[in-house]
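I opened the notebook to log what I looked up, entry by entry. The structure comes first, then my notes.

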Amino acid sequence: MLGRQGLGMHGRWRGNDLHSLGSWTMETHLALPVTSAAPAHRGQVSRDLLIVASVTVAMFLFSVTFELREWLTEVTHPLELYQIDELPLTFAALSLSLAWFAWRRWRQAEVELRLRITAQRALVERETQYRALFMENLAGNALATLDGALLLCNPAMVQILGLRTGEEALSRNLGDFYADPEAWVQHREALAQGEKLDIPLLELRSANGRSAKVIARILARPAPGKVTELQVYFADITELHLTQKELADTLRENRLLSQEYLLVQEEERRNLAREMHDELGQCLNAIKLDAVSICALSKGVHPEIERSAAAVVEISSHVYAVVRGMMQRLRPAALDGLGLRDAVSDLVDQWRRRTTGVSYGFEADGDLSELDELTNITVYRLAQECLTNVAKHARATHVYVGITRSGPSQVRVSVRDNGCGMDLNAKRNGLGLVGLRERVEALQGRLELSAALGAGVHVTAWLPLTGRD
Ligand SMILES: Nc1ncnc2c1ncn2[C@@H]1O[C@H](COP(=O)(O)OP(=O)(O)O)[C@@H](O)[C@H]1O
Ligand SMILES: [Mg+2]
């Protein structure tokens, strides 16, 4: 009976097509008489006891019929000398002892059987759980030989590999699904050396021709006394990958658009500044000169005209100064005339003249003479906005501006003050810093803001000079 109790568990998956994957169910067949074992066992014992009782009764009837004991006495009488006539009772005692012995062994066997059944049932349950975990996993799980021949695939793996059923996988090799066969050769060699492979991006060619991208983990599991098997885990990231690519493309397009927009904006500002200088500036100059000559002509003759003309001179000078400031902000002439280093130095000087009680430090390292237009204007605007912010918000006593060309491929701009600082987590309404970040990111650079209340603000930007889209 125990021969039937081997753990003959084998799961079978039902499912006809990919669409029914979600509703696959597992049938677990157990060739283990787990629940019926004890009653069957007892039934046999009762039958055996019945046979014993029947034999005993039959023997009794046989003895009564043929006067067996009298016959035995007669036969054994001549051997009285050897006490042979005492043997029947001795045999009777032996029979009782054997019955007791058999009963004890039976009880022991029953306890053992019960323990084994419990242990086997737990084992089967655990196997069922693990199998369910393996099969129901949303990621693809598979077992394969060291050469890649697939032995078992869960439904998710079947779907990733573009197969119709798990059975179909059994005739396939994992290497067949690699988009790059060279990669499979390398992976197989590494696995044969016992390496565990964690592959962040593996391209597969599914059976249905679909290109799939997966994150993969493959490892060889040596089992003592058994052939080494491969455990394969795939997580399908095709959609994610596509989305990431689309996102990256959109970002690149946005960056190009921003760059273009910034260039157009700067060009427009330059034109405006030129127009203001050529038209407005000239007109204001002419008005001022005319007013000066009216002032000179009316001097001592028409005091009222002289006063009005002097007022016109003053106002036109003021308007000219305002226009000059606007022109300067629209397009820093120094940037075209002097180059980046001197233009920023000039900017710092302007703030030095404008503010009292604040010391300014300026440093420029490396060759800044041949940077492209967008980098030049971005560095300049960054310094301009940060210095304006310091004057507007910081109440600082020291400001430092640094521009460093670190190697051929990067420029670092840094503006630091020792003012009141700011809470970086607080909501800000201004557009200055946001605009700066946009400018820097349009050039694929990075802007970092470090600040704390009472500890000043430090703005750093890294701008790449090469490798831009
Ligand atoms: N150097 C600085 N020191 C203290 N606070 C600053 C500094 N720079 C910026 N801030 C804070 O950050 C906010 C946002 O700045 P910004 O974006 O340039 O906008 P705006 O200057 O128009 O207010 C400012 O309102 C100010 O509170
Ligand atoms: Mg600002």
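This is a predicted model: local features need pLDDT of at least 70, side-chain atom pairs count only at pLDDT 80 or more; totals for chains, interfaces and linings use all residues.

I started with Gly419, which is buried, with a relative accessible area of 6%. For the record, buried means under 20% relative accessible area, exposed means over 50%, and partly exposed lies in between, with a 1.4 Å probe and protein chains only as cover. Accessible areas come from the Shrake-Rupley method with a 1.4 Å probe, and for residues only the protein chains shown count as cover. I placed Gly419 in the loop between β10 and α12. Helices (H or I, at least four residues) and strands (E, at least two) are DSSP runs, numbered from the N terminus. I also checked Gly419 against Leu50: 369 residues apart in sequence, and 106 Å apart in space, C-alpha to C-alpha.

Residues are numbered from 1 along each chain as its sequence is written, chains are lettered from A and ligands numbered from 1 in the order in which they are written, and side-chain values use heavy atoms, with hydrogens and water left out.

I count two strands as paired if DSSP finds at least two bridges between them. I looked at β8 (residues 359–365) and β9 (residues 398–405) and found them parallel, joined by seven bridges. Ser359 has His398 of β9 as its bridge partner. From β8 the chain crosses through helix α11 (residues 373–394) to β9, and this β-α-β crossover is left-handed. The test: a crossover is right-handed if, with the strands pointing away from the viewer, the path from the first strand over the helix to the second runs clockwise.

I moved on to β10 (residues 410–417). Seven bridges tie β10 to β9, and the two run antiparallel. Here Thr404 is partnered by Arg412 of β10. β9 and β10 make a hairpin with four residues between them. In that turn, Gly407 has a positive phi of about 75°.

How many residues of β12 (residues 457–464) are buried? Eight of its eight are, and I noted the strand as mostly covered. Val457, Val459, Ala461 and Leu463 point one way. His458, Thr460, Trp462 and Pro464 point the other way, and all are buried.

β12 pairs with β10 in the antiparallel sense, over seven bridges. Arg416 has His458 as its bridge partner there. β11 (residues 446–451) also runs antiparallel to β12, with six bridges. The β11 and β12 hairpin has five residues between the strands, and Gly454 in the turn has a positive phi of about 80°.

I then checked Ser414, which lies in β10. Ser414 is buried, at 5% relative accessible area. Its side chain makes a polar contact of 2.9 Å with the side chain of His458. A polar contact is a pair of N or O atoms within 3.5 Å; within protein, one must be able to donate a hydrogen and the other to accept it, and residues adjacent in sequence count only if both atoms are side-chain atoms.

Which residues come nearest to ligand 1? Of the 14 around it, they are Glu385, Asn389, His393, Asp417 and Leu433. Near means that a heavy atom of the residue lies within 4 Å. I found a ligand oxygen 2.9 Å from an N or O atom in the side chain of Glu385. For the side chain of His393, the distance from a ligand oxygen to an N or O atom is also 2.9 Å. A polar backbone atom of Leu433 is 2.8 Å from an oxygen of the ligand. Taken alone, ligand 1 exposes 530 Å², and the protein buries 80% of that.

α11 and α12 (432–442) each supply at least two shell residues. α11 gives the most, with five.

Most residues other than glycine have a negative phi. Gln83 has a positive phi of about 60° although it is not a glycine. Gln83 sits in the loop between α2 (68–76) and α3 (87–136), and is partly exposed at 43% relative accessible area. Arg395 has a positive phi too, near 50°. Arg395 lies in the loop between α11 and β9, and is exposed at 69%.
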